[in-house]
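These are my notebook entries on a structure that I looked up. I begin with the terms and then turn to the entries themselves.

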Amino acid sequence: MRRTHALAFAALAVVAAATAVTGAVITDRAWAADPAALDRFYSQRPEWKPCDNPKLDAAKAQCADITVPLNYAEPQGKTITVAISRISATDPAQRHGVMLSNAGGPGGPGLDFMVDVGAAMTPDVRARYDLIGMDPRGVGRSTPVNCKWPRGFGLQSAGIDAEAYAETVATQADLALRCATTEGDWLRHITTRNTARDMDVIRGALGEEKVSYYGTSYGTYLGSVFTQMFPQRSDRIVLDSAVDPARYGAVQMTQDMGPANEAALDAWADWTAAHNGDYRLGSTRDQVRATVVDLIRRAAEKPLRVGEFDVDQHDLPMLLFAGLDDPRQHQQVAEQVRLLADAAAGRAVQPDEGTTKALAYMVRAIPSDGSAQMAIMCGDVAAPRDPAWYWRNIEAARATQPVFGAFTNNITPCAFWAPPIEAPTVVNNSVPTLIVQSTGDTRTTYSNAEGMHRALTASRMVTLDNVAIHWIFGRYPNTCVYSAVNTYLRDGTLPTTDLTCQKD
C-alpha cells in the first residue's frame, strides 16, 4: 500500500525549502534603464559566420551573436549573447526589410525556424525579407538555462488520486529548487519583456528602423509584447496560433488546453475505432477512450515498461498530448497506445525512433531538459502557491476531462518560484497585425486567439475551420490561409474583414 501521509509530508517539506531558496534569490525590481547607456548595444554590428547547422547551411544562412545586457536596469553590468541567423532576401532590389521570429515553447530554439516558414512564402514574398531566426535568451545557443533536471518536461499529469498528486507536488517543487540552486540570480532576467528588449537591440544592430515579425504559439505572446513595448518599431506582424495575453502563464493558459485536448482525443478515438482491425483498441469512441483511461490506471499500479523506459501515470497522458496537436498524427498516436497496451499486458515492446526520442526527453532529459520553458513562464507571471488550490481544480475537472484534466490543472514549478521582477505586460494597442488560428488548436485554443484579437484592436483574424492543428503557416499547407499571409507580407495590407478558411 502507498504511504500517503509520508509522501504528503515529504512534498510539503520540499515545498517549504524551494520557496525559501527561490524567495531569497529573486527580489522584485523595477526596470528603469538609462537609454543612453544602451547605445553600445544598439550600435554593435553583427559578425556573420557559418551557422554549423545542416538545415541553415543548406539554406545558405549566416549566424551571429548579439550582445545584450543581462539586466536592462543595469546595462553597464553583466552581458549575455543572443544567437541569430539570417537568410537573406532573394532579390535585394525588392527588399522590404528584416523579419524576426520566434518558434514558441516558450523555451524553443529558433535559429533554423525560418527555413520552414520561408518555404511557405511565395517567391515574391521571399524576395522582400531577410529572415532572422533567433534562440531567445536562456535558450539553445543564447547563454542557455540549464537547471540539470532529471526529467525533461516541467509539466506532468497529477495522476489518479491524492497519493499520486503528492508525488507530483514533490517533483515540481524539486524542479524549482534545482533551478534556484543551480542557476541562481540570473534566472530572474529570463523573461519575455527582456526578450522583447533583445529584439529591439537586434533591430538596431541590423541597422533597421522597423522589424516585421512571424511568431507561433508562445511566439505570438512575445510578438504582442513587442508591439506593446515598441509599437513604433513594429512593421508587418503575423501571429500564428495565438495566446490570449490576458491568460498567458503556467496556470490559465494551460487550463484552457483541457477541453481542446479532450475534443482532439475524441477525434482520434473516432479514427482509431474505425481502424480497430489494425490497433484493437476498441470499435467505438467510448471503447477507445476506456482503453486509454484503463492504461493510465494500470500505469498507476505499475509503470509500463516500454523499451528502456518506465511510463507512469504522470507521463502517459503527456505522451498523448504531444501527438494531438496535428490530426495527421492519428496513426502515430494509435501505434503508441497499442504499444502501451501491449506493455500493460506484460509483453516486451520496443518503441519506434519518434517515441524513443519523446520518452528520452520526457523522463530522462535527453538531450537536455526544458527548464528554460519554466524559467520564462514562471518569470513572467506569478502562480498560486497553495497545493490544495490545484487539487480542487484537478478533482473538479475529472468528470469532463478524464484524461487531461489532471494535467491541465496540475501544479507546476511556478508555484515554488519567486515573484516576477516585473508585472505582466498588459497588451492593448492598435499595431496592425494578422492573427492566424485553427478552431481545434490543442495548445493555444481558439478562445485564446479571440482574446489576442480583442487586445490588438487593429488586427484581423484568419480562421482555419474544423481543423485541430497547432502552427499553420509553414507546417500545415492550406491555400486560403497561406494566401492571406503571403498577401499581407507582400503588400502590407490586412484583409478588410476577418476571414474563415476551409480545409483543402
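I count as a disulfide a pair of cysteine sulfur atoms within 2.5 Å. The model I examined is predicted.

**Entry 1: disulfides**

I found four disulfides in the structure. Counting bonded cysteines along the chain, I read the pattern as 1-2, 3-4, 5-6, 7-8.

I looked up Cys480 and Cys501, which form a disulfide with sulfur atoms 2.0 Å apart. Their S-S torsion is about -60 degrees, so I recorded the link as left-handed. The pair joins distant parts of the chain, with Cys480 in helix H20 (residues 479–491) and Cys501 in strand S11 (residues 499–501), 21 residues apart. Is each cysteine buried or partly exposed? Cys480 is partly exposed, at 31% relative accessibility; Cys501 is buried, at 1%.

I next took Cys51 and Cys63, whose sulfur atoms lie 2.1 Å apart in a disulfide. The torsion about this S-S bond is about 100 degrees, so the disulfide is right-handed. Cys51 sits in the loop between helix H2 (39–42) and helix H3 (54–58), and Cys63 belongs to strand S1 (residues 62–69), twelve residues away. I noted both Cys51 and Cys63 as buried.

For Cys147 and Cys179 I recorded a disulfide with a sulfur distance of 2.1 Å. The link is right-handed, with 110 degrees about the S-S bond. Cys147 is in the loop between S4 and H6, while Cys179 is in helix H6, 32 residues apart. Both Cys147 and Cys179 are buried.

**Entry 2: Gly138**

I located Gly138 in the loop between strand S4 (129–135) and helix H6 (162–182). Its relative accessible area is 1%, so I list Gly138 as buried. Which residues does Gly138 contact, leaving aside neighbours within four places in sequence? I found Thr143, Pro144, Val145, Trp186, Ile190 and Ala372. Between Gly138 and Leu175 I noted 37 residues in sequence and 17 Å from C-alpha to C-alpha.

**Entry 3: the whole chain**

I noted 20 helices and eleven strands in the protein chain. For 504 residues a compact globule would have a radius of gyration near 23 Å, and the chain agrees with its 23 Å. Along the principal axes, the C-alpha atoms fill a box of roughly 70 × 55 × 40 Å. Of the 504 residues, 58% count as buried. Among contacts with a separation of 6 or more, 78% join residues 24 or more positions apart. The chain exposes about 19400 Å², of which carbon and sulfur atoms supply 52%. I recorded 47 positive and 56 negative charges, with mean positions 2 Å apart.

Note on methods. Residues numbered from 1 in each chain as written. Predicted model: local features only at pLDDT ≥ 70, side-chain atom pairs only at ≥ 80, totals over all residues. Heavy atoms only, no water. Helix = DSSP H or I, 4+ residues; strand = E, 2+ residues; numbered from the N terminus. Rg over C-alpha atoms; globule rule 2.2 N^0.38 Å. Buried < 20%, exposed > 50% of the residue type's maximum accessible area, 1.4 Å probe, protein only. Contact = heavy atoms within 4.5 Å. Areas by Shrake-Rupley, 256 points an atom, 1.4 Å probe, with all protein chains shown as cover. Lys, Arg positive; Asp, Glu negative; His and termini not counted. Charge placed at Lys NZ, Arg CZ, Asp CG, Glu CD.
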